[in-house]
Amino acid sequence: MDRRQKKTRQAIFDAFASLLEQKNYNLITVQNIIDRANIGRSTFYAHFETKDELLQALCSNIFSHVFSEPLHSEKSHDFSGMNYDLDERITHIFYHLKDNQTEIIRLLSCESGELFLGCFKDCLLPLFHDALSPAHREIPPSFLESYLADSFANAVKWWSREGMKTSPEKMAGYYLTILREGI
């Protein structure tokens, strides 16, 4: 993708994000996005087939760094040079959600919240697949992965509703304690 295409794509993302702050997802039209981004209809459709695809791309854009490797030192946290085991990965995810708090809370609180969480869960599945213990062989791995991704997404929803006041370390600790010790 060349610079011009990247700039246009970012204008679409920005227009869509600002519309999500003002309107319910179902009330936003492609025409609203086009008008806000100041682009033509064919330009929009050159990048996205539907509004839902745009939302999924926005979510993927948010999560692309969170789930990428290798890790580098960042302003709010530094996981570079670590084992990057499940504990560190979970904590890292909470830090990134906190760093993007305004956008995450906005996405979770609008009608697009479930679509956003679906994309988030899809990104989480490989994380939990890698962390599964052979001790649970009697349970289908896809069931466990789905269960863990759903429970993590619910933890994030709770944290978002609470204004993300709890630190990322504490949230990771809460989640991992339940994961390892049960209720």
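A salt bridge is a side-chain nitrogen of Lys or Arg within 4 Å of a carboxyl oxygen of Asp or Glu. Select Lys121 and Asp150 to begin: the two form such a bridge, with their closest N and O atoms 3.0 Å apart. Lys121 lies in helix α7 and Asp150 in helix α8, so the pair links distant parts of the chain, 29 residues apart (helices are DSSP runs of H or I with at least four residues, strands are runs of E with at least two, and both are numbered from the N terminus). Lys121 is partly exposed, with a relative accessible area of 23%, and Asp150 is partly exposed at 29% (buried means under 20% relative accessible area, exposed over 50%, and partly exposed in between, with a 1.4 Å probe and protein chains only).

This is a predicted model, in which local features need pLDDT of at least 70 and side-chain atom pairs count only at pLDDT 80 or more, while totals for chains, interfaces and linings use all residues. Residues are numbered from 1 along each chain as its sequence is written, and side-chain values use heavy atoms, with hydrogens and water left out.

**The whole chain**

Of its 183 residues, 40% count as buried. Among contacts with a separation of 6 or more, 61% join residues 24 or more positions apart (contact means heavy atoms within 4.5 Å). The chain exposes about 10400 Å², of which carbon and sulfur atoms supply 49% (areas come from the Shrake-Rupley method with a 1.4 Å probe; for residues, only the protein chains shown count as cover).

**The other salt bridges**

The count of salt bridges comes to three. Select Asp87 and Arg180, whose side chains meet in one of them at 2.5 Å, N to O. This pair also links distant parts of the chain: Asp87 is in helix α5 and Arg180 in helix α9, 93 residues apart. Asp87 counts as partly exposed at 30% relative accessibility, whereas Arg180 is exposed at 52%.

Asp2 is partly exposed at 35% relative accessibility, and Arg4 is exposed at 59%.

**Helix α5**

Select residues 86-99, which make up helix α5. The helix has 14 residues and reaches 20 Å from its first C-alpha to its last, close to the 20 Å expected (the expected span is 1.5 Å times one less than the number of residues). Eleven of the 14 residues are buried, so α5 is largely enclosed by the rest of the structure. Among the buried residues are Leu86, Arg89, Ile90, Phe94 and Tyr95.

**Thr8**

Finish at Thr8, which is found in helix α1. Thr8 is buried, with a relative accessible area of 18%. Leaving aside its neighbours within four places in sequence, Thr8 is in contact with Ile39, Thr43 and His47.
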